[in-house]
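Reader: I would like a close look at a single part of this model, with the surroundings spelled out. Please keep to what can be computed from the atoms.

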Amino acid sequence: MASRRASGVTPADERHMQRCLELAAMAAGQTAPNPVVGCVIVSAAGKVLAEGYHVAAGQPHAEAVALAGLGGKARGATLYCNLEPCRHRSHRRTSPCTDAILAAGVARVVYGASDPIKSHAGGGRLLARAGLAVTSGVLRQACEDINRGFISVARRGRPWVVQKVAMSLDGKIATAAGESKWLTGEAARRDGRSWRKWCDAIVVGVGTVKADDPQLTARGAGARDPMRVVIDSKLSTPPTARVLPRQARGSSARVVIATTAQTLTAAQRSPSSALGKRLRALLAAGAEVWPIGAAPLKRNARPSPKVDIAQLARVLAAQGCLTVLIEGGAKTHGAWLEAGLTDELVLYMAPIALGSGGPSWLAGGAVGTLERAPRFVLAQAPVALGDDLRLQYRRAPLRAI
């Protein structure tokens, strides 16, 4: 859906902002915990003088990259960026972008989305008070969308959560006999792997690790592998699993076993027990083991504490993860959806029907009425990938978070 043109915004403004988004996307999945930002500087005569984008956390911001080397050429120019220039007070990594803009003599600043972090926000107002012409809200929807993970962490304290599933026409992820490779064709599988490059962490349940032994790598040339997280309340991940660092050839990404604090404590107190030996084996295989609180038990439920995924989401945000991709099995998908943590669904539908007996993509979380069922809206038109179809849904508009 196209953004409504803000008052006083020209087609040239939108064209240059679109270029900012293209530049920002070049670093998708590389900048966490920072946002992706692109910048274009245009002379008073309409000539593009410089471009730049933020490459990674700790590196110069997009505005500084674009301004570097321009010298006096930036005086009187217009600077475009998809996110409001920061005015943070800390100089531990980079100087505030507003300082660089003022020093360069830029006459006008145009940005798309406001900075959601209070300690960084207000750059637009500061520049306006300094006498610059400031225009905000250009392609606002697209500018917020490209940084939805950054906005989610800033406003809600947790990452943007995407659940990705490959399924049959009747919602099954395997046959009754457990066969699941491959439901979708190569084009759909390749498209599905591309989400791993964009996300900062992939989360699966231990059942998926045992059943499929996935590597969970991005697999693209030069792609950064995201953090890999296995939800495992009993430390039952096989130490030979391919997802573990000792087995993952060529990947330096962190691998986390998220278990309950109760399980970890028991393993540490009794290192010679079966549980203690499993802990030592996982640590020897290069995994980190995180103690996460146990999820609250439902009324009359049997005492089998599971990992509190809401707390896990907050811990992932504290570790710098802006976007999280759920690739687990039916129980894992059901748990995140039931907890109200799902922001986006990416469904790959294969032109095949598997009938009764096969597992559904979603387990648990039964609702009694249609009114109480989680509802999603179509985020974009369906995309054909060979004979398969990609459907993309969102729980609620981004501006609602």
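Which residues is Asp232 in contact with, leaving aside its neighbours within four places in sequence?

Author: The model is predicted. Leaving aside neighbours within four places in sequence, Asp232 is in contact with Val206, Thr237, Ile257, Ala258 and Thr259. Asp232 itself sits in the loop between strand S8 (227-231) and strand S9 (255-260).

The charge of this residue deserves a separate remark. Asp232 is buried, yet it has no salt bridge. Lys210 is the nearest side chain of opposite charge, and it is 6.3 Å away. What the side chain of Asp232 does reach is the backbone nitrogen of Leu235, at 2.9 Å.

For comparison, here are some other places in the chain. His16, in helix H1 (residues 11-25), has a relative accessibility of 9% and therefore counts as buried. Not counting residues up to four places away in sequence, His16 touches Val40, Val42, Val48 and Tyr80. Ala25 also belongs to helix H1, but with 41% relative accessibility Ala25 counts as partly exposed. The C-alpha atoms of Ala25 and Trp198 are 9.4 Å apart, although 173 residues separate the two along the chain.

Helix H3 (residues 97-104) gives a view of burial along a whole element. Its residues Cys97, Thr98, Ile101 and Ala104 are buried. Seen down the axis of H3, the buried residues fall within an arc of 130 degrees, so they line one face of the helix. In an α-helix there are 3.6 residues a turn, so residues three or four places apart point the same way. The cover over the buried residues of H3 includes helix H2 (62-67), strand S3 (78-83), strand S4 (108-113) and helix H4 (123-129). After H3 comes Gly105, with a positive phi near 80 degrees.

Glu186 lies in helix H7 (residues 186-198) and is partly exposed, with a relative accessible area of 38%. The side chain of Glu186 makes a polar contact with the side chain of Arg189, at 3.0 Å. Between the C-alpha atoms of Glu186 and Asp388 the separation is 9.6 Å, with the two residues 202 apart along the chain.

Key
Residues numbered from 1 in each chain as written. Predicted model: local features only at pLDDT ≥ 70, side-chain atom pairs only at ≥ 80, totals over all residues. Heavy atoms only, no water. Helix = DSSP H or I, 4+ residues; strand = E, 2+ residues; numbered from the N terminus. Buried < 20%, exposed > 50% of the residue type's maximum accessible area, 1.4 Å probe, protein only. Lys, Arg positive; Asp, Glu negative; His and termini not counted. Salt bridge = Lys/Arg side-chain N within 4 Å of Asp/Glu carboxyl O. Polar contact = N/O pair within 3.5 Å; in protein donor to acceptor, adjacent residues only side chain to side chain. Contact = heavy atoms within 4.5 Å. Arc of directions from axis to C-beta.
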